[in-house]
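Try each one before you read its solution.

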Amino acid sequence: MRASITILSKDLRQRARDSTLLVFGIVLPLGLAFMFNVMLGGGEQRRLDAKYAVADGDRGVAAQEFVGQVLRPLEASGDATLRTAADAEEARKLVERKTVDAAFVIPAGFSAALERGAATRLEVIGGVDSAVSVQVAREIAQSYATERRAVQLAVAVATVGGAAPDRELAERAAAAPVPVGVAQDDVARRKQLDTTTYYAAGMAMFFLFFVTMMSVTSIFDERRQGTLARLLAAPVSRRAVLLGKSLGGILVGVLSMAILVVVSTLALGADWGHPLGVAALAVAAVLAATGITAAVATFARTAEQASNRLSVIAMTLGLFGGALFPVAQLEGLSSLSMLTPHRWFLEGLGDLAGGSLSVVVQPVAVLLGFAVAGGALALSRLGRMLNS
């Protein structure tokens with residue numbers, strides 16, 4: 001054990017002066033997480049922040065209802081900003097000048113037509129550069145039209161015998177409760193990572209393999225420099241050499257993960273979850289990455305060959321494990337992600353976001369299984385690696 005500690009301390013001093021480790025361990029993961037955060041919109045609580053104009057040429061009851069009960073709540077929640085346009089022409093100019101994203105035009109006679117059950121229209125003018133806000137505006141108008149159509153059908157059914165529809169009946173139909181509603185389960189919704197946390201965790205796991213790879217492949221560098229031969233000539237076992245190298249990769253990997261968690265939380269607003277659960281998943285992930293990289297390295301003969309093979313393995317596992325994009329987009333191939341530590345690490349964080357600490361037991365156990373399997377294979381081939 002003393003020999004392993006000596007090898008570990010030497011490697012740590014070397015790694016402290018290695019700028020490549022800083023780049024792969026911290027700079028690249030944070031940089032890419034920030035880039036994805038900017039491009040994809042950050043966390044799940046992002047507001048729409050749309051700008052809408054309303055040209056009310058009707059001033060009737062239905063028009064006031066649409067503005068007051070449909071659009072004003074959007075403004076109150078901060079998802080939209082409303083402004084008034086004098087007529088349809090002014091609303092169109094506001095959209096063309098990009099002063100607003102879209103405009104609602106309520107024509108004259110709108111309310112009277114709805115009361116009679118006659119056809120009318122609610123026009124939406126959208127800007128070409130505001131696709132999301134325009135789509136939301138269209139859905140708002142369509143939803144309101146669907147609701148009004150339901151009221152008309154209810155009144156038509158109630159007066160099927162020939163009685164003339166009256167305003168009181170229409171108001172009662174409009175005020176009737178919706179027979180079927182859609183409920184949102186907040187617990188189920190929260191069992192997933194927001195965009196910022198997902199890509200911060202994905203990039204951390206992706207580059208973790210490159211961090212641990214540097215410690216494992218340093219065995220080849222020492223063999224080329226002749227220091228490995230002197231180590232083996234001394235009363236130092238082969239297992240002590242591998243243990244010392246692996247411990248260096250583990251400590252550096254844990255430190256890198258800890259820095260990424262703290263910095264992404266403070267700078268990007270990531271929400272990793274309960275600290276104890278995150279710590280357990282992070283340590284297990286580092287062990288898994290170390291075991292896999294050590295096992296793959298034993299099949300190489302040179303540092304360059306080991307680096308190339310490990311880079312391919314790291315890229316493949318990251319791709320199919322969901323570190324670069326959600327694995328659900330892979331459809332049938334998503335089942336392959338279960339064979340990667342990336343999937344279990346990200347899934348564990350997702351479960352931790354909406355559950356208790358106990359939910360990390362399974363992903364941690366699977367990650368440790370990767371570590372044990374990789375470490376056992378590396379030990380079985382250690383002699384070939386050191387003597388080849």
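Start with Phe 207 and Phe 210: both are buried (under 20% relative accessible area, with exposed over 50% and partly exposed in between, for a 1.4 Å probe and protein chains only). A word on the ground rules: this is a predicted model, where local features need pLDDT of at least 70, side-chain atom pairs count only at pLDDT 80 or more, and totals for chains, interfaces and linings use all residues. Residues are numbered from 1 along each chain as its sequence is written, and side-chain values use heavy atoms, leaving out hydrogens and water.

**Exercise 1.** Work out how the rings of Phe 207 and Phe 210 are arranged.

*Solution.* Rings of Phe, Tyr and Trp (its six-membered ring) pair if their centres lie within 6.5 Å; planes under 30 degrees apart are stacked, over 60 edge-to-face, and the rest tilted. That rule gives 10 aromatic pairs. For Phe 207 and Phe 210, the centres sit 5.9 Å apart and the planes are at 40°, so the pair is tilted. Finally, ring pairs join Phe 24, Phe 206, Phe 207 and Phe 210 in a cluster.

**Exercise 2.** Find which residues of H13 meet which residues of H14.

*Solution.* Helices here are DSSP runs (H or I, at least four residues), numbered from the N terminus. Now look for contacts, meaning heavy atoms within 4.5 Å. From H13, Leu 317, Gly 318 and Gly 321 meet Pro 341, His 342, Arg 343 and Leu 346 of H14.

Notes: Helices (H or I, at least four residues) and strands (E, at least two) are DSSP runs, numbered from the N terminus.
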